[in-house]
Every structure is written in structure tokens, then in C-alpha cells.
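Please work through the exercises below with the sequence and the coordinates at hand. Each task is followed by a solution in steps.

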Amino acid sequence: MSKCVSEISKTFRWEMGHRLAGHPLCGNPHGHSYAADIHLKGPVQANGMVMDYGDLSALMKPLVAQLDHAFAVDQADALMGEFLRENGFRILELPYPPTAENLARWLAEALAPQLPSGLVQLTVVVRETAHTTAQHTLALG
């Protein structure tokens with residue numbers, strides 16, 4: 001008998017700046033109105049839910065707080081990192097370029113260890129603009 005799974009999702013939004021050092025256009029500091037759709041797959045529990053949306057919101061709240069109105073910077077981008085630190089800006093330092101793909105990865109890897117057992121998959125879809133998305137999926141359990 002196959003195990004039946006269901007999927008839920010919830011959207012979270014934030015404003016954030018970044019730059020992609022060396023890129024001909026996106027190497028300039030700029031910002032986006034981001035959104036992340038968090039998709040969770042797993043069996044429906046006795047309470048009728050895959051996971052309570054309120055519990056998911058509570059887990060995401062500190063992550064979104066790190067992102068909102070911050071400037072995401074690659075640790076290798078010494079010029080931008082130094083400028084932001086010296087001038088007291090709120091920054092999120094990442095070990096890789098702050099692309100939508102890497103933000104989806106960062107969110108997935110930060111959220112996954114906090115999720116309750118029993119879930120089988122986490123997918124994070126980051127929307128950087130109204131027309132672009134990037135997705136990162138992790139198998140859980």
C-alpha cells in the first residue's frame with residue numbers, strides 16, 4: 001500500500017537589497033520585493049493538517065526578519081561587505097552570491113532542521129520579481 005501525502009504552502013514577503021558582483025547589470029546595488037512560497041509535503045496528521053500554518057509562520061518569522069530591509073551580500077564581495085559594515089547597514093552575509101537560487105537554498109537549509117518529523121519534502125520557491133522564480137527542494141525525514 002502506498003503512503004498518501006498532501007501538500008500545503010504559505011507565502012512570506014520581504015524587501016531586500018543585493019548586488020551580484022561582476023554582473024554587467026546586477027553588479028549595481030539594487031533591491032527587490034521578494035516573496036517565498038514554502039511548500040511542505042507529508043501525511044495528514046490526526047488533527048487534519050500536514051502542518052499548522054501558524055506553526056510554519058512562527059518558524060519563518062525570524063528568518064524573514066533577517067532578510068527584511070537588509071542587504072544580502074556574498075562574503076567574497078569584500079568591497080560591498082566592507083562598505084556596508086563600516087556604515088552600519090543591516091546585512092545578511094552569505095557564503096555565495098545572493099541570487100534567487102541561493103536565497104531559496106538558504107531559506108530551505110535554515111528552515112528544514114526546525115520542521116516537525118513526518119514531513120517528506122520541503123520546497124522553497126523565491127520570487128525576485130513578478131516574472132522570475134527560483135526553487136530549491138529538500139527531501140526530509
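This is a predicted model: local features need pLDDT of at least 70, side-chain atom pairs count only at pLDDT 80 or more; totals for chains, interfaces and linings use all residues.

**Exercise 1.** Determine the order of the strands in the open sheet and identify its edge strands.

*Solution.* Step 1: the open sheet has 6 strands, arranged as S4-S3-S1-S2-S5-S6, and the pairing is mixed. Step 2: S4 and S6 each pair on one side only, and they are the edge strands. Step 3: with direction ignored, neighbouring strands of this sheet are turned against each other by 35 degrees on average. Step 4: S3 (residues 70-74) and S4 run parallel and are joined by 4 bridges. In this part of the sheet, Ala 72 stands opposite Leu 92 in S4.

**Exercise 2.** Describe how helices H1 and H2 are placed relative to the strands.

*Solution.* Step 1: H1 packs on the sheet and touches S1, S2, S3 and S4. The direction of H1 makes about 15 degrees with that of S1. Step 2: helix H2 (residues 78-86) lies across S3 and S4 and runs at about 145 degrees to S3.

**Exercise 3.** Classify the geometry of the aromatic pair formed by Trp 14 and Tyr 34.

*Solution.* Step 1: a pair of aromatic rings is described by the distance of the centres and the angle of the planes. Step 2: a search of the whole structure finds 2 aromatic pairs. For Trp 14 and Tyr 34, the ring centres are 5.5 Å apart and the planes lie at 5 degrees. Step 3: planes under 30 degrees apart count as stacked, and the pair of Trp 14 and Tyr 34 is therefore stacked. Step 5: both Trp 14 and Tyr 34 are buried.

**Exercise 4.** Compare the span of helix H3 with the expected value, and state what its buried residues pack against.

*Solution.* Step 1: H3 (residues 100-111) has 12 residues. From its first C-alpha to its last, H3 reaches 16 Å, close to the 16 Å expected at 1.5 Å a residue. Step 2: the buried residues of H3 include Leu 103, Trp 106, Leu 107 and Leu 111. Step 3: the buried residues of H3 pack against S1, S2, H1 (53-67), S4 (91-94), S5 (121-129) and S6 (132-139).

**Exercise 5.** Is Thr 99 buried or exposed, and what does its side chain reach?

*Solution.* Step 1: Thr 99 is located in the loop between S4 and H3. Step 2: the relative accessibility of Thr 99 is 18%, so the residue counts as buried. Step 3: the side chain of Thr 99 reaches the backbone nitrogen of Asn 102 at 3.1 Å. Asn 102 is itself one of the buried residues in H3.

Definitions and conventions:
Residues are numbered from 1 along each chain as its sequence is written. Side-chain values use heavy atoms; hydrogens and water are left out. Rings of Phe, Tyr and Trp (its six-membered ring) pair if their centres lie within 6.5 Å; planes under 30 degrees apart count as stacked, over 60 as edge-to-face and the rest as tilted. Buried means under 20% relative accessible area, exposed over 50%, partly exposed in between (1.4 Å probe, protein chains only). Helices (H or I, at least four residues) and strands (E, at least two) are DSSP runs, numbered from the N terminus. The expected span of a helix is 1.5 Å times one less than its number of residues. Contact means heavy atoms within 4.5 Å. A polar contact is a pair of N or O atoms within 3.5 Å; within protein, one must be able to donate a hydrogen and the other to accept it, and residues adjacent in sequence count only if both atoms are side-chain atoms. Two strands pair if DSSP finds at least two bridges between them. Axes are lines fitted to C-alpha atoms, for helices over the stretch in contact, and angles run from 0 to 180 degrees between N-to-C directions.
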